[in-house]
Amino acid sequence: DERRGGQVVAHRLRRQQHRSHDRTHDQHVRRPANHPTDRGRSVQGDDLATPAFVVRDSAGLMGLAALGAALCGAQFAWTLPMAWAALALFAPPPTGPAGPAMEVAIWPLLPPGTAAGTWTALTLAAVGTATYAWAGPKR
């Protein structure tokens with residue numbers, strides 16, 4: 001029993017030494033306030049995404065995944081959200097007479113609060129969830 005107690009004390013001492021080493025190391029390392037290792041921040045110090053942006057895009061992509069599961073089966077449910085994301089990345093900017101249609105196509109990239117982005121995401125979430133609840137995954 002004494003031997004085990006000695007091991008515990010030695011382990012605690014080693015852990016304490018590692019902690020003090022980490023603290024002194026952190027004091028010597030100076031990083032700028034906007035260092036890329038700051039979580040959730042870009043190099044410029046801005047937030048990478050607002051909560052409204054994340055919630056809107058998550059809801060829309062979830063609806064697309066549910067619709068994909070109903071149409072293609074659970075194994076290929078990922079194809080519809082990935083295809084739409086690829087379309088949004090490579091689509092031309094929403095200008096000219098096709099502007100409103102292109103806003104619907106690139107809704108994942110629109111800023112939060114944009115009517116076209118919000119309504120497209122809500123519609124996809126509702127239609128995808130309803131279709132999956134009604135039909136279930138394709139077998």
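These legends describe close-up views of a predicted model.

**View 1. The chain as a whole, built from helices.** The chain holds 5 helices and 0 strands, and its elements run α-α-α-α-α from the N terminus on. Of the 139 residues, 23% are buried. The chain exposes about 10300 Å², with carbon and sulfur atoms supplying 63% of that area. Among contacts between residues at least 6 apart in sequence, 51% join residues at least 24 apart.

View 2. The average pLDDT of the chain is 80, and 68% of the residues score at least 70. Helix α1 (residues 2–28) has the lowest mean pLDDT among the elements, 59, while α5 has the highest, 95. Where pLDDT is low, the predicted coordinates should not be read in detail.

**View 3. Helix α5 along its length.** Helix α5 covers residues 115–135, which makes 21 residues. From its first C-alpha to its last it reaches 29 Å, close to the 30 Å expected at 1.5 Å a residue. Gly136 follows α5 and has a positive phi, near 75°.

View 4. Ala116, Gly117, Thr120, Ala121, Leu124, Ala125 and Gly128 of α5 are buried. These residues lie on the same side of α5 because they cover an arc of only 155° around the axis. Trp119, Ala133 and Trp134 are exposed on the other side of the helix.

View 5. Leu124 is one of the buried residues in α5.

Notes. Residues are numbered from 1 along each chain as its sequence is written. This is a predicted model: local features need pLDDT of at least 70, side-chain atom pairs count only at pLDDT 80 or more; totals for chains, interfaces and linings use all residues. Side-chain values use heavy atoms; hydrogens and water are left out. Helices (H or I, at least four residues) and strands (E, at least two) are DSSP runs, numbered from the N terminus. The expected span of a helix is 1.5 Å times one less than its number of residues. Buried means under 20% relative accessible area, exposed over 50%, partly exposed in between (1.4 Å probe, protein chains only). The arc is that of the directions from the helix axis to the C-beta atoms. pLDDT is the predictor's confidence in each residue, from 0 to 100. Contact means heavy atoms within 4.5 Å. Accessible areas come from the Shrake-Rupley method with a 1.4 Å probe; for residues, only the protein chains shown count as cover.
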